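The sequence and structure come first.

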Amino acid sequence: MRKPILDIVREKFPFSESALADFQKYSNEKGQKFRELLVRKKILTEAQLLETLSDQYTIPFWPELPLSNSDNGFTNLVPIHFLKRHTMVPLKQTGNNNGKSGGHHRNESEKWIVAVNDPSSFQPMDDLIRLIGIEEHMVVLAPREAILSAINMFYDTVRDSAEQLVQNMEENGHAVIGEIQVTEDLLDDTSDAPIIKLVNHILSQAIKARASDIHIEPYQDSFKVRYRVDGILYDLLSPPKWIQSSLISRIKVMAKLDIAEKRLPQDGRLEVKMGDQDIDIRISTIPTSFGERLVLRLLNKTSTLFKISELGLEPEMLALLEKLVHVPHGIILVTGPTGSGKTTTLYAVLSSINTPDINIITIEDPVEYQIPGISQIQVNPKIGLTFARGLRSIVRQDPDVILVGEIRDHETAEIAVQSALTGHLVFSTLHTNDSASAITRLVDIGVEPFLISSSVIAVFAQRLIRVLCPHCKIPCSADDISLGILGLSPEKISGRTIYKPKGCPDCIQTGYRGRIGIFEIMVLDEKIKSLIVSSHDAGTIREQASKNQFTTLREDGLGKILKGITSPEEILRVTRL
């Protein structure tokens with residue numbers, strides 16, 4: 001006879017009888033399973049619950065699933081949504097595997113394993129076994145995320161490649177696109193329409209490749225699909241010209257844009273899921289001589305915000321930044337070109353100072369991440385909600401800290417300065433090449449130099465550099481010319497190893513995986529403030545800053561070369577004058 005789960009919980013975990021009785025009563029009143037309630041209320045972790053169920057049902061619990069030798073032949077027999085609905089996955093173990101998973105030996109050369117999250121799902125298990133035609137099998141318990149990841153991996157590997165999909169479209173003639181809503185999960189879409197399969201494949205491959213943008217570019221006799229990964233564009237596909245119209249129309253339908261309007265630019269957005277990832281996609285179209293050009297900006301909403309300690313700052317800079325962001329009032333500017341990570345840095349800073357005793361309000365274009373405890377305003381020029389108008393209203397909301405997404409004009413800059421002078425800490429961004437140029441830019445916008453020297457505390461310049469793939473980077477003897485340009489002498493690199501990219505499947509053959517920041521922080525001391533009032537020349541200001549142990553972007557990059565984080569070519573690419 002199966003032992004009641006309540007008895008097992010009593011034995012394994014030190015809960016009081018009154019607490020267990022209250023949970024049992026609550027479970028009965030709400031009609032929820034007692035075991036699910038324990039996890040939902042964070043009384044037990046999922047692993048602890050599965051260990052308890054393992055004792056109750058005498059089914060082994062495997063924290064990890066053995067996927068390396070598993071066969072995906074069942075994917076054409078079982079719909080993906082069936083497995084996801086019931087959170088179960090069949091694993092056909094092929095080849096000799098004498099290892100362990102979750103402490104259980106598997107010595108057979110081939111066997112079926114059915115991993116489930118709920119051991120009471122007897123009927124779905126029977127249906128699955130019947131669908132596949134399994135004679136003998138073993139049931140194991142596994143975490144929900146492990147099962148869903150296995151399902152996504154199996155079904156994603158059997159998808160047609162982009163080239164195969166295009167070939168099928170050429171063989172079957174022109175596809176007709178219908179107004180079909182995007183599915184909840186890209187991997188769940190079972191549509192047979194080739195153009196829908198092609199669009200879903202392009203999106204899913206971009207997400208897998210960690211792409212930030214997808215470019216669809218029309219030319220006279222062809223068109224290209226390209227991805228931007230770690231800041232660099234790579235060609236993905238060059239389909240025949242006649243597919244262009246259907247591909248673009250399908251994306252416009254997904255984003256609820258006007259597919260008949262091809263003469264004016266349009267902006268839209270859509271949300272898709274791929275497995276456990278929620279992706280927000282912003283779409284921009286412009287008319288060109290050879291058809292509409294589309295750029296899709298991908299934002300993974302499930303990725304966690306960075307902490308300031310994870311941005312790539314050297315210890316001295318990190319200590320300085322942590323000191324600066326806790327000053328009571330003033331302006332801190334973050335500068336750099338588009339795509340240099342300014343917003344990510346500001347979000348990390350806001351998260352570090354976000355406490356219940358501080359009122360933080362932001363105005364952004366667009367709001368990229370929602371931060372709990374912070375009021376975030378989305379700019380909307382169509383109804384007159386500009387940075388300047390929003391900022392004017394924000395200062396009447398009794399804020400302690402204000403984030404202005406970007407200072408674009410004189411009005412916004414003037415209100416930001418006045419806010420800083422009246423006791424607010426203001427963060428904002430500017431598009432300039434370095435920290436000293438930010439002062440010149442503010443003067444050009446129309447801010448008086450004496451107001452800049454009174455309000456601006458520091459200027460923070462940054463770039464993003466690609467990080468060498470840890471799996472394939474190889475030592476190299478760096479080019480003497482490159483080292484000379486960078487200012488690395490043989491003495492500086494003595495005893496250090498310099499690496500270069502090679503390329504492997506983990507980094508999509510690029511040699512780089514991920515990006516990190518290089519930084520320079522210019523704190524406005526009394527001498528620099530005097531210079532700003534008398535002469536706002538960027539070169540003069542930079543020269544004075546260099547006397548204060550000021551680390552430039554390139555010098556910060558050199559340190560990352562010597563640590564084996566990146567290559568000399570990458571620093572040259574990013575900091576080239």
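In helix H11, the residues Met317, Leu318, Leu321 and Leu324 are buried. These four span an arc of only 125° around the axis, which means that they sit on the same side of H11. Pro315, Glu316 and Lys323 are exposed, and they are carried on the face of H11 turned away from its buried side. The model is a predicted one.

What do the buried residues of H11 pack against? Their partners are strands S13, S18 and S21 together with helices H12 and H21. H11 itself lies across S13, S18 and S21, and runs at about 60° to S21.

The elements around H11 have these residue ranges:

| Element | Residues |
|---|---|
| Helix H11 | 315–324 |
| Strand S13 | 330–335 |
| Helix H12 | 342–353 |
| Strand S18 | 456–468 |
| Strand S21 | 512–523 |
| Helix H21 | 553–562 |

S13, S18 and S21 belong to an open sheet of seven strands, in which the order is S15-S14-S16-S17-S13-S18-S21 and the pairing is mixed. S15 (375–378) and S21 are the edge strands; each has a single partner strand, so one side of each has no neighbour in the sheet. From one strand to the next, the twist averages 20°. S21 pairs with S18 in the antiparallel sense, over ten bridges. Within this pair, leucine 464 is placed opposite glycine 517 in S21.

The model has two cavities of 30 Å³ or more, and the largest cavity holds about 40 Å³ of space. Which residues line the largest cavity? They are Leu321, Ile332, Val334, Thr345, Leu346, Val349, Phe427 and Phe460.

For the protein chain as a whole, the secondary structure comes to 22 helices and 21 strands. The chain has 577 residues, and 48% of them are buried. Of the contacts between residues at least 6 apart in sequence, 66% join residues at least 24 apart.

Key
Residues numbered from 1 in each chain as written. Predicted model: local features only at pLDDT ≥ 70, side-chain atom pairs only at ≥ 80, totals over all residues. Heavy atoms only, no water. Pairing = 2+ DSSP bridges. Helix = DSSP H or I, 4+ residues; strand = E, 2+ residues; numbered from the N terminus. Axes fitted to C-alpha atoms, helices over the stretch in contact; angles between N-to-C directions. Contact = heavy atoms within 4.5 Å. Buried < 20%, exposed > 50% of the residue type's maximum accessible area, 1.4 Å probe, protein only. Arc of directions from axis to C-beta. 1 Å grid on protein atoms, 1.4 Å probe; cavity = no way out; pocket = protein on both sides within 12 Å on 5 of 7 lines; lining within 4 Å. Points joined across faces, edges and corners; volume = space filled by probe spheres on them.
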